[in-house]
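Here is a short briefing on selected side chains in one protein model. Have the sequence and the structure open as you read.

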Amino acid sequence: MAYKHGVYNTEQATSLTVPIQGIAGLQVIFGTAPIHLAKDPAAAVNTPKLVYSYKEAVEAVGYSDDFENFTLCQSISACFQVFNVAPIILVNVLDPNKAAHVTQNQAESCDVVDGVVLYDKKYVLLNTLAVKNGSATLVAGSDYEAAHEDDGSVAITLLSTAAKEASSLTVSSTSLKPSGVTAADIVGGVDTSTGKVSGLEVVQQVYPKLGLTPGILLAPGFSKDATVAAALQAKTTGINGSFRCICVCDVDSGATGAKVYTDVKTKKEANGLNGANCYAVWPCAKVGTKVYSGSAIVAAEMAYQDASNDDVPNMSVDNKAVAISAACLADGTEVYLDQEQANVLNGAGVGTFLNLNGWRCWGSNTAAYPGNTDPKDRWINIRRFMNWAANTFILTYTPKIGQVMNRRLIESIVDSENIRGNSFVSRGICAAYSIAFLDADNPTTDLLNGKIVFRQSMTPFTPAEEIDDVIEFDPDALADALAG
């Protein structure tokens with residue numbers, strides 16, 4: 001180190017602003033991640049990773065701007081670089097122990113230049129590197145150190161004298177193969193012999209492991225597949241036997257998808273996007289040159305709105321400003337809809353992006369519309385609020401299970417919920433919110449079996465979907481103005 005005498009200073013890169021936090025819209029995101037860049041690649045497969053910052057996300061699953069191959073990075077970027085909201089849960093399904101998910105790089109000769117070997121292979125798992133000097137196998141840490149370069153290659157810095165003096169070394173490795181991940185990997189399943197879960201089945205581990213209930217399920221880059229879309233919609237209810245949430249799914253805008261807005265309804269229906277707990281999105285979105293699946297942007301927007309609203313999910317994502325550069329197809333071709341065209345999508349139960357002197361999410365209908373017009377199933381904000389209220393009730397009163405079932409227990413639940421409901425009404429969240437214990441719902445036979453039934457009523461406000469202004473020309477006013 002050079003000798004120093006005097007006063008010095010240094011600058012470091014600006015840290016990202018601390019994200020706002022909320023769990024009502026907790027995103028559980030399924031996809032592929034560059035785990036070769038993660039702190040512990042082995043621990044980043046089919047397990048829920050809770051992260052509160054960009055740094056934690058990078059350490060947990062790695063990060064790359066290659067959104068097509070590493071789909072989880074779309075949501076990492078959307079949440080921490082576009083919206084600045086946390087936390088999120090990441091579930092990577094790219095498994096280096098699956099033959100279809102890796103490529104075996106055969107041994108090849110690499111030149112040594114100034115004590116460094118540049119190994120031009122992408123997505124290399126560093127723990128699989130085999131470096132040889134002739135027949136002698138070099139040892140990581142004592143003979144060499146390896147690190148990923150920005151261009152995706154690997155720099156092998158030689159440490160031992162013998163290795164440095166060699167003109168070339170033989171290197172082999174194993175690389176990740178994200179293209180090997182299929183819809184079946186995202187859907188996942190349960191290994192009957194070990195009990196291990198994979199893919200969307202991991203959602204069952206979120207609450208037992210992390211103590212948090214999912215708010216939004218998504219699989220950017222994969223939910224455009226009909227099989228994945230069906231599985232996502234199925235997973236929104238009965239989580240851990242009782243919890244519920246929504247999912248955000250993409251209507252395909254790629255080579256086999258809808259490239260014009262008039263084809264979206266047909267594609268949506270072909271993919272089976274019709275659930276009340278599903279919000280469908282078309283097309284993708286662009287921030288600079290990066291192309292994001294629409295689901296990654298909309299889900300982050302929902303979570304951001306919740307966190308900005310005292311963590312209560314009663315606000316619709318409709319007409320909320322979104323920091324994107326353009327709406328686009330999967331290939332990056334920009335799409336500019338007018339309001340009438342965007343409304344065609346909304347009428348088909350599909351949300352989109354509309355530029356009204358600034359980009360906004362556009363649409364409050366769930367994917368169940370127009371087939372289902374029940375307000376609780378049609379409007380996304382009502383559906384989300386009711387899911388959240390149901391989950392909150394379960395979490396709040398589970399500690400009372402096993403207590404003596406007397407009048408005091410019943411009154412404590414009724415009083416607590418009604419006080420909470422009065423707060424929702426006074427804050428303009430609901431038009432009404434109440435709970436009651438009725439004798440008719442609780443026959444003696446049920447009470448003897450330890451069962452109590454409450455009847456709850458809630459009316460969150462619907463979104464303002466249409467505002468009409470009736471304009472009329474008044475000829476009498478003209479006559480009055482010109483008289484005399």
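Phenylalanine 473 sits in the loop between β25 (455–460) and α14 (475–482). The model is predicted. Phenylalanine 473 has a relative accessible area of 61%. That value is over 50%, so the residue counts as exposed.

**Surface patch**
- Phe473, Leu478 and Leu482 make a nonpolar surface patch.
- The patch covers about 370 Å².

**Aromatic pairs**
- The structure holds 13 aromatic pairs.
- One of them joins phenylalanine 385 and tryptophan 388, with ring centres 5.5 Å apart and planes at 50 degrees.
- An angle of 50 degrees lies between the 30 and 60 degree cut-offs, so this pair is tilted.
- Both residues of the pair, phenylalanine 385 and tryptophan 388, lie in helix α11 (residues 380–397).
- Phenylalanine 385 and tryptophan 388 are three residues apart, about one turn of the helix.
- Phenylalanine 385 and tryptophan 388 are both buried.

**Around tryptophan 388**
- Tryptophan 388 belongs to one aromatic cluster with Phe385, Phe424 and Tyr433.
- Arginine 420 lies over the face of tryptophan 388, 5.4 Å from the ring centre.

**Glutamate 417**
- Glutamate 417 is part of helix α12 (residues 407–426).
- Its relative accessible area is 1%, which is under 20%, so glutamate 417 counts as buried.
- The side chain of glutamate 417 makes a polar contact of 3.1 Å with the side chain of tyrosine 397.
- A polar contact of 2.8 Å links the side chain of glutamate 417 to that of glutamine 456.

How values were computed. Residues are numbered from 1 along each chain as its sequence is written. This is a predicted model: local features need pLDDT of at least 70, side-chain atom pairs count only at pLDDT 80 or more; totals for chains, interfaces and linings use all residues. Side-chain values use heavy atoms; hydrogens and water are left out. Patches are made of residues with over 30% relative accessible area and no salt bridge: like charges are joined within 9 Å, nonpolar side chains (Val, Leu, Ile, Met, Phe, Trp, Tyr) within 5 Å. Accessible areas come from the Shrake-Rupley method with a 1.4 Å probe; for residues, only the protein chains shown count as cover. A salt bridge is a side-chain nitrogen of Lys or Arg within 4 Å of a carboxyl oxygen of Asp or Glu. Helices (H or I, at least four residues) and strands (E, at least two) are DSSP runs, numbered from the N terminus. Buried means under 20% relative accessible area, exposed over 50%, partly exposed in between (1.4 Å probe, protein chains only). Rings of Phe, Tyr and Trp (its six-membered ring) pair if their centres lie within 6.5 Å; planes under 30 degrees apart count as stacked, over 60 as edge-to-face and the rest as tilted. A charge sits over a ring if NZ of Lys or CZ of Arg is within 6 Å of the ring centre and within 35 degrees of the ring normal. A polar contact is a pair of N or O atoms within 3.5 Å; within protein, one must be able to donate a hydrogen and the other to accept it, and residues adjacent in sequence count only if both atoms are side-chain atoms.
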